[in-house]
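This report takes a structure step by step, beginning with a place where two chains meet and then turning to the parts of one chain. Please keep the sequence and the structure in view while reading.

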Amino acid sequence: MSGQLTAQRLDPLGGITARVLVVVAVAIALVEAVVMSRVTADQISYPAFEAVALIAIALSGVYLIRATSPFRPAFSMRSHAIVCLLALAAVVFNSAAQWGSNTVVRDDWGPLALATITLTLGSYRPAREILLCSSMTAAVVGALGLVQADTFRSDVPELVYAIIPAVPIFATGVAAAAFSRSLVASLLDWRSSAGADAASALSDTEQSVPQKASHLVHLDEQAIPFLRVVAHTGEVSEADGARARVLARELRTLMLIDTERSWLERIVQRVSDPQRLAERMGESERGFLRAVVAHVRHSELFDAATLRLSLREHETGQTVTAEVQCLPGTNPRVQLAPYIAVAHSLFSGVDWQIADATLTIVLAAGTPARRRAIQ
Amino acid sequence: MSLVFPNSLAAATASLALSRGAYLFGVVFAAGAFVTLLLVQLDRGTLVAWPALAAIAAIVAAGTALARPSGDRPAVIAVSAVVALAGSAVFASALIPRLADSSASDGILLSMVKIAIVAFGAVVGRRHSGVLGVLAAAVIAEVPVLLVSLREGHAVSLDVPAGAIAVSFLAVLSLFSVSRRRSRASGPLMSLAGEEDRRAVELARAEHSSSAMVHDTILNELAVVGMVAPGTLSPAARAQISRSVDRVTLVGADAAAAVASDPFAGEVASAVEWARTQGLEVTVDGDTAAVAGLPAETATALGRAVLQCLTNVIAHAGVASAELTVISTDREVCIMVIDSGAGFTESETGADRLGLKHSVRGRITDLGGTVQVWSAPGAGTAVSMLVPR
């Protein structure tokens with residue numbers, strides 16, 4: 001099972017960290033492709049194929065940037081396959097464009113662009129998958145070099161023409177796989193060390209005391225002081241009797257209210273949860289909602305008083321909808337990214353939008369099939 | 001369990017992963033150069049490439065030494081740099097004179113070996129500055145090739161692939177650091193939320209038992225006071241009310257304490273926390289609650305001794321992790337700080353290494369405790385500190 005785990009799934013914030021590298025790597029790959037394409041123009045016999053190659057590498061890069069967005073579900077095997085196939089198509093068309101006129105193997109931009117893109121995958125896919133994919137693409141690229149051996153100028157054994165373009169791809173694949181494996185192992189170690197590390201991130205943040213049940217507040221502030229006085233004096237007046245009856249009635253009422261009130265209603269005033277789904281949530285989901293509520297309260301971008309949570313059970317699963325007004329002239333998108341990324345790792349469906357200055361986040365629990373049915 | 005990976009560990013784990021990736025990246029490039037050269041050597045019997053092949057093997061050995069746990073030690077880094085420099089010089093001297101006169105200093109074989117050396121330079125980023133490692137490696141890779149090329153009258157060209165790889169490593173190392181600060185800004189708040197949830201669950205559990213107690217005691221007493229005729233209460237009734245109030249107050253206090261108290265707190269926990277902020281992964285296990293029960297003076301001294309031990313691990317052990325184990329009996333508490341790092345011979349430590357002598361041994365013996373150190377070069381270190389309760 002751990003073979004399928006990715007660093008992004010285990011640490012969504014790490015996925016956001018790595019995305020900057022994705023954007024930079026794609027930019028480098030595209031510049032590399034365009035510049036080298038112009039520099040080696042004298043070796044290109046079929047410009048149409050070169051144009052297709054450039055389009056394919058651009059599509060691969062754009063798709064990679066899009067699929068690794070924190071606002072999207074975790075980067076999947078399917079996305080990995082699409083990125084690799086488009087980049088490999090670019091390599092093939094780049095070779096086809098130079099068919100019969102490719103005199104120097106090392107200035108082909110296709111393998112270099114593919115290697116640059118492969119380098120970024122360590123945070124998003126498991127080691128075995130990256131290694132398999134890069135081995136296969138390196139083999140294809142090596143084979144392309146081999147079949148063009150006759151046209152290259154250098155006087156070296158033919159196999160060298162397979163090795164030289166394949167090495168960068170295989171090297172970046174191995175590096176990305178080692179990166180992925182090391183990160184996943186560290187993250188699993190951390191998870192298995194249970195709560196020992198949980199406090200490590202808290203040192204710079206003030207801890208708040210969970211809100212006490214209202215009947216216990218009433219007990220501490222009203223009932224117990226009253227009974228202490230009665231026990232101390234040993235005298236009961238008519239007023240004391242009436243006061244005792246009022247206190248007993250209030251205490252019973254508050255106990256009843258506290259029994260009915262969920263943990264969510266203790267932290268948010270406006271909660272609609274007719275089916276009491278909050279009480280059935282898991283530890284991680286509860287923690288996530290607490291984090292969202294805390295963020296809305298601390299952020300200067302939202303009107304925290306307008307936060308409203310709605311929990312509903314459908315035939316297809318459960319949904320949690322959070323709505324809050326954004327303050328005028330603010331854009332919470334950047335602040336929101338880490339929360340959406342973490343939500344993707346906890347819930348089967350995550351949807352969000354900002355419309356009419358209101359941020360709406362919909363979190364769905366259930367299988368992906370169920371989620372599609374909800375949407 | 002926290003919702004997100006703690007920020008204090010993120011940098012260390014990413015550096016370790018980058019270091020492992022860089023090492024294998026270098027190995028593949030070196031292997032590519034080795035196989036290519038071997039094929040050429042086999043194809044042309046007249047070419048004498050064996051010294052160049054040996055040089056590649058030496059460069060990989062230097063990289064492998066850096067990638068091993070002991071590779072963080074300055075001596076290993078220095079020796080690896082010298083070996084890589086010698087390897088680079090031998091490789092250039094063996095290969096360049098045999099290349100065609102038109103070949104420049106950026107020939108593909110030369111580039112592949114330079115890339116391998118640059119990648120090995122990034123490996124030191126696991127513990128030290130990766131940027132410095134890459135820059136130093138780039139110099140080690142490029143200078144011998146330039147000098148030999150000039151000597152042999154070959155053209156000197158900017159090696160675009162090797163330069164691009166060096167710049168890429170520098171960009172990755174720098175971007176990761178900058179991007180991490182931005183993307184993980186929300187980490188502490190999310191971790192706090194997870195912790196709050198744990199405390200809220202404990203509070204709810206405590207409230208549940210407290211509510212049952214309220215129902216059985218306080219509501220009964222209020223009903224009695226509400227129904228009795230005005231006047232003086234019997235001594236038995238007064239005693240009953242006092243007992244009920246005391247019971248509920250006690251249960252409430254215990255519940256609050258259970259929720260608020262952290263069994264592993266104080267100076268020892270602070271020492272662990274500090275070490276984690278320095279990038280050391282500290283695993284804590286055993287009877288940590290026993291530390292909280294120690295007298296304040298003992299806990300403070302023990303905390304400072306633990307801090308010194310963890311400082312030693314960070315400064316000298318050359319590893320990214322350590323273990324702290326607490327064992328307690330009715331009369332004593334023992335804390336062990338264990339690492340699998342470089343180790344040392346205590347009798348041979350320099351006069352400047354006063355930490356173990358004064359900050360650990362002195363403090364603990366002043367409390368009537370004992371300190372034992374098990375260590376040997378290359379075999380890690382375990383420091384046991386035993387104090388009376």
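## Two helices from two chains

At roughly what angle do the axes of helix α9 of chain A and helix α8 of chain B cross? In this predicted model, the axes of α9 (residues 238–260) of chain A and α8 (residues 218–227) of chain B cross at roughly 150° and come within 7 Å. Angles over 145 degrees count as roughly antiparallel, and α9(A) and α8(B) are therefore roughly antiparallel to each other. Their crossing is left-handed.

The residues that make this contact include Ala244(A), Leu247(A), Ala248(A) and Leu251(A) on α9(A), and, on α8(B), Leu219(B), Leu222(B) and Val225(B) are among them. Sorted by kind, the residues of the contact of α9(A) with α8(B) are eight nonpolar, two polar and three charged.

## The wider contact between the chains

The contact between the chains takes 82 residues from chain A and 80 residues from chain B. On the side of chain B that touches chain A, helix α1 (residues 7–43) of chain B gives the most, with 21 residues. This side of chain B is made up of 45 nonpolar, 22 polar and 13 charged residues.

Strands also link the two chains, for strand β1 (residues 235–236) of chain A pairs with strand β1 (residues 231–232) of chain B in the antiparallel sense, over two bridges. Within this pairing, Val236(A) has Gly231(B) as its bridge partner.

## Chain A as a whole

Chain A has 375 residues, of which 46% are buried, and its secondary structure consists of 13 helices and six strands. Among the contacts in chain A with a separation of 6 or more, 74% are between residues 24 or more positions apart.

## The sheet of chain A

Strands of a sheet pair through backbone hydrogen bonds, and the pairing can be either parallel or antiparallel. In chain A, five strands form an open sheet with mixed pairing, in the order β2-β3-β4-β6-β5. Its edge strands are β2 (270–272) and β5 (349–355) of chain A, each of which pairs on one side only. On average, neighbouring strands of this sheet are turned by 10° against each other, with direction ignored.

One pair in the sheet is formed by β4 (residues 317–326) and β6 (residues 358–365) of chain A, which pair in the antiparallel sense over eight bridges; here Thr321(A) has Val362(A) of β6(A) as its bridge partner. Helix α11 (residues 283–298) of chain A packs on the sheet, where it touches β3 (302–314) and β4 of chain A, and the direction of this helix makes about 160° with that of β3(A).

Conventions
Residues are numbered from 1 along each chain as its sequence is written. Chains are lettered from A and ligands numbered from 1 in the order in which they are written. This is a predicted model: local features need pLDDT of at least 70, side-chain atom pairs count only at pLDDT 80 or more; totals for chains, interfaces and linings use all residues. Helices (H or I, at least four residues) and strands (E, at least two) are DSSP runs, numbered from the N terminus. A residue is buried if 20 or more other C-beta atoms lie within 10 Å of its own, exposed if 12 or fewer, and partly exposed in between; C-beta atoms are placed from the backbone. Two residues are in contact if their C-beta atoms, placed from the backbone, lie within 7 Å. Ala, Val, Leu, Ile, Met, Phe, Trp, Tyr, Cys and Pro count as nonpolar, Asp, Glu, Lys and Arg as charged, and the others, Gly among them, as polar. Two strands pair if DSSP finds at least two bridges between them. Axes are lines fitted to C-alpha atoms, for helices over the stretch in contact, and angles run from 0 to 180 degrees between N-to-C directions. Angles under 35 degrees count as roughly parallel, over 145 as roughly antiparallel, 65 to 115 as roughly perpendicular and the rest as oblique. A crossing is left-handed if the near helix is turned anticlockwise from the far one by less than a right angle, and right-handed if clockwise.
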